[in-house]
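Reader: I have a structure to go through with you. Could we begin with the aromatic side chains?
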Amino acid sequence: MGLPRFGRPKGFEGDSSPNLYVANCGPAVGLSYDSIASVFSAFGELKGVFAADDSGARVIVSYRDESSATAALEAFDGHPCPDLGGRSLHIRYSVIQPTSQGQVNDSVPVSLMASELNIPGLYLLQDFVSIKEEEELLAAVDARPWKSLSKRRVQHYGYEFCYETRNVNTRRKLGELPSFVSLILERISSFPNLDDSANIVLDQLTVNEYPTGVGLSPHVDTHSAFEGFIFSLSLAGPCIMEFRQYAECAWLPNHTSSPSMKMQSPEDDKSFLRRAIYLPPRSMLLLSGEARYAWHHYIPHHKIDLVKDSVIRRGSRRVSFTFRKVRTGPCQCEFPQYCDSQR
C-alpha cells in the first residue's frame, strides 16, 4: 500500500484538518520520524508521520482527529521545541489528496546490494576505482569540452548517440575510446560473475554530468543501438537508481526523449514492479540480460535520498561513465516484447 498523498497547505480553505504540514522538521535537519512521532503523539493518537516532499526537511503529521492536530499546531507553530532540538517549527493544516486506483507509491525500500533486488543480470561492485583514480578520471573529462543538454552535460567517445534518430550512426566513428579509461576497460575484462567477460568488447562511452537534484526519467537503453552489456561507473556523488518492470508492450517509445533512451511516463501505465539500489561514488553497475532489456532504470530528481533510515545528500555533481557495445545487426535478445526494433 502506498503512503497517503497530501496536498500542500497553500490554498487550503478549511478551518482545520487532522493533518499538519510541518516545516523545518525531518531527517535532513537531524530529526528521525520516530522522534517526531514521539513528540507529536503527546497530543493524540497518530496515523503516522510522512515525508511532505523530497527535501527531508518537511513532514506531514497525521492524527486520528482534528482536535489533536489543532492542539499540536497551537503548541508548536512558530515556537522552539526543546524535544526536537530546539527547532522552531512552521505548521499549517494540510489535506489528503484523492488517490486514483493504482496510485504509484512515492517511496520504495533502497537496497545496498544488487542481489537483494532479485533482478537477473544486475550486478554492483563498490570501490571499482580508488579515490585517486576517481580524481584522475574527473580531471581527464573536465579537460575536454562538454556538450550541454537541457539539464546536464555530456561527452561521447567512440560513437555519438544521435538525438534525432535515437540511434548510433555506425558509419561515423569518432575514434577509439580515450586512453584515460584503459584501466576501467581492463578491470571490466575480469568482471566477476560473467563467464565471458574477457571477450566483452566495448566501443562506446557516454560521460554524463548531473548537477545536484537532476536525475533521469524511466528508460531502457535502446535495444537496436546497443548490445547486451551496459557498464556504468558512478563518480563524484551518490544517487539512488530505481528499476521498474512494466507490463509487456504497455509502453511506446517517446521520440522527444534524451539520447539512447526509451522514455516511460508513469501516467501511461501504473502497473509495474519497483526495486531501488544505492549507487555510491566509485561503484560500477552492470546491466545485462533481463536487467538490461526488460527493466526500465530511473534516477529520481532528488537532492537527498533516504537509504536505510539514513539521509544521503547528493553532491554538487555526479558524473557517470557508461560503456556499451554498438550493435551492428538486428537485436536478437530474449525479450522481443520489449524491443524497439519490433515496433
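Author: This is a predicted model. One aromatic cluster is formed by Phe128, Phe191, Phe229 and Phe231.

Reader: How do the rings of phenylalanine 128 and phenylalanine 191 pair: stacked, edge-to-face or tilted?
Author: Phenylalanine 128 and phenylalanine 191 make a tilted pair, at 6.3 Å centre to centre with 40° between the planes. Phenylalanine 128 lies in the loop between strand S8 and helix H3, and phenylalanine 191 in the loop between helix H4 and strand S13, so the pair ties together parts 63 residues apart in sequence.

Reader: And are those two buried or exposed?
Author: Phenylalanine 128 is buried at 10% relative accessible area, and phenylalanine 191 is buried at 2%.

Reader: How many aromatic pairs are there?
Author: The count comes to six aromatic pairs. One of them is edge-to-face: phenylalanine 40 and phenylalanine 76, whose ring centres are 5.1 Å apart with planes at 75°. That pair links helix H1, which holds phenylalanine 40, to helix H2, which holds phenylalanine 76, 36 residues apart. Phenylalanine 40 is buried, with a relative accessible area of 0%.

Reader: Which charged residue sits over the ring of phenylalanine 226?
Author: Arginine 324 does, with its charged end 4.6 Å from the ring centre.

Technical notes:
Residues are numbered from 1 along each chain as its sequence is written. This is a predicted model: local features need pLDDT of at least 70, side-chain atom pairs count only at pLDDT 80 or more; totals for chains, interfaces and linings use all residues. Side-chain values use heavy atoms; hydrogens and water are left out. Rings of Phe, Tyr and Trp (its six-membered ring) pair if their centres lie within 6.5 Å; planes under 30 degrees apart count as stacked, over 60 as edge-to-face and the rest as tilted. Helices (H or I, at least four residues) and strands (E, at least two) are DSSP runs, numbered from the N terminus. Buried means under 20% relative accessible area, exposed over 50%, partly exposed in between (1.4 Å probe, protein chains only). A charge sits over a ring if NZ of Lys or CZ of Arg is within 6 Å of the ring centre and within 35 degrees of the ring normal.
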